[in-house]
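Have your viewer open and ready to select residues by number.

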Amino acid sequence: MKDGKDQFDNLDKHTQWGIDFLERYAKFVKERLDIEQNYAKQLRNLVKKYCPKRSKDEEPRFTSCLSFYAVLNELNDYAGQREVVAEEMAHKVYGELMRYSQDLKAERKHHLQEGRKAQQYLDHCWKQMDNSKRKFERECKEAEKSQITYDRLDNDINATKSEVEKAKSQFYLRTHMADESKNEYAAQLQNFNAEQWKHFNNAIPHIFKNLQDMDERRTVKLGETYRSFAEAERRVIPIVSKCLEGMVSAAKAVDERRDSGIVVESFKSGFDPPGDFPFEDFSQNLSRTGSDGTISSTPKGDRERDGAPGPRSDPKHPMSRTKNKLWLFGKKPKAPSLEDFSHLPPEQRRKRLQQRIDELSKELQKEMDQRDALNKMKDVYEKNPQMGDPSSLQPKISETICNMEKLRSEIHKNETWLSEVEGKQSSRGDRRHSADNHHHTPQGRESPEGSYTDDTSQEHHTPHHRSGPPQPGNPNPDPHEFDDEFDDDDPLPVIGHCKALYSFDGQNEGTLVMAEDEVLYIIEEDKGDGWTRARKQSGEEGYVPTSYVEITMEKNSKGAVTYI
């Protein structure tokens, strides 16, 4: 009986250890899936940190950048697969283990309660048998005492008859009680033996068998969850492999020649390289001997040996302007952004204008589609008045038509600028070649462009709205000065702005027509001849009388600087 109780206690401890081990494994899975979730979260944050935050139009087009973004996308997909692993482990492993653990605890508790009840019933039967045995023992001892008393009085001649009869009746009573206790003890003993046999041959083996089955099912469940743990990882391997293959493909897509071509296309200015510096001979006034009189005033270079013409000998060629053209090797001068992008080099200006025209065309198409849709809706309302009021759509239609006209005007304006740029680029070589033929002009009065006129009345213009100052006399500049200014088609940066105090007709070549109160950009200051070089909003350039405008110069401006 004690052995059976010890075995029951052993099974109690073992089944409790089995449940503890299962919950320990469940805790391990929980920590594992937490690692996966944190890993996936960190990967996604990393991808988000390094993904471009600019619009698609501003993203670099280099293959190295595009490949890096492709790697980031693949890494983001890889992070998603780590999340799938975590979800699989949480649902099919950890969740299943925790549910099964609760079922095991309830089943174990039921089996242990049954075992305790069976043991308590057997203990109860044993106590009843033991009590009946002790009572039988007591009754037998009392019967023996009453028999001794009776025998003593029966043999005593001095004892009265009543004493002997009383002892006799007591003896018979005790003997009867002993017989009844004996019968009760025998019945209790027989019952206990039967219950004990059933306890150890039926009840306890059945309970032990149930506990054994429970423990075996726990072991099988652990094996299944081990497999599910591995399957959760193995199930994502094909997609993870595709992510890695995508990264390898992105690496193969890097094209260094294409990237170099994009750089060249992006920064190509369209300007010609600067001309050669002229040789300035400071030794002309020195007396020479016969031995050194053959020294040439112009150094011989590779260009002369090849038969190419040397640089133009112009004593007033502005060296500072040529130096300023070389900003490609130094610091690029800053210029304010203009609506027509005239502050940009020709090639970049052409690209920006074309881009703006494309954007405006898309917007125009949207407005046209909207107009067509509104007209169709208006027709439907006119045919079916119950659906809506046709007049309610008229304001929106009018607004759309107005937007279309504005967009067409903008497109026309930008196309005009684009044609101007493309025309300049196509005729740049011709203009530069012909510029050398205009160095010599007849003496007389000249316009700022160097054009000759004998009629001074052509240069006098009367303001329309208020009495203006007299026209400045046209300067008589160096014949080469304005040629140098205008044979270079590179746009000059804005150094200030001015407001027209009076209107000016600008009939002479090189002058600029302006209306009263019109705002112009200053691109070259007055050099003392009474003329200021300006540029209109449309990009047209020319000279205006300095006394006709109110000038505001930009800070830190040091004169005109040409771009390259």
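Start by selecting α2 (residues 63-155) and α3 (residues 161-234). These two helices are roughly antiparallel to each other (an angle over 145 degrees), because their axes cross at roughly 170 degrees and come within 6 Å. Here an axis is a line fitted to C-alpha atoms, for helices over the stretch in contact, and angles run from 0 to 180 degrees between N-to-C directions. Helices are DSSP runs of H or I with at least four residues, strands are runs of E with at least two, and both are numbered from the N terminus. The contact of α2 with α3 (heavy atoms within 4.5 Å) divides into 33 nonpolar, 18 polar and 22 charged residues. In this count Ala, Val, Leu, Ile, Met, Phe, Trp, Tyr, Cys and Pro are nonpolar, Asp, Glu, Lys and Arg are charged, and the others, Gly among them, are polar.

Two notes before you go on. Residues are numbered from 1 along each chain as its sequence is written. This is a predicted model, in which local features need pLDDT of at least 70, side-chain atom pairs count only at pLDDT 80 or more, and totals for chains, interfaces and linings use all residues; side-chain values use heavy atoms, with hydrogens and water left out.

Stay with α3 and center on His199: where does the helix kink? The kink, of about 45 degrees, is centred on that residue; the bend is the angle between axes fitted to the seven residues ending there and the seven starting there.

To see the contact, select residues including Ser67, Leu75 and Tyr78 in α2, and Ile239, Cys243 and Met247 in α4. By class, it has nine nonpolar, three polar and three charged residues.

Now move to α5 (residues 256-267) and α8 (residues 346-383), whose axes cross at roughly 95 degrees and come within 7 Å. They are therefore roughly perpendicular (65 to 115 degrees). Pick out Glu265, Ser266 and Phe267 of α5 with Glu347, Gln348 and Lys351 of α8, which make the contact.

Last stop: the open sheet, with five strands in the order β6-β5-β4-β3-β7 and antiparallel pairing (at least two DSSP bridges between two strands). Select β6 (541-545) and β7 (549-553) at the edges; each has a single partner strand, so one side of each is left without a neighbour in the sheet. Finish on β4 (residues 519-524) and β5 (residues 531-535), joined by three bridges, where Ile522 stands opposite Ala534.

Notes. Expected span 1.5 Å × (residues − 1). Parallel < 35°, antiparallel > 145°, perpendicular 65-115°, else oblique.
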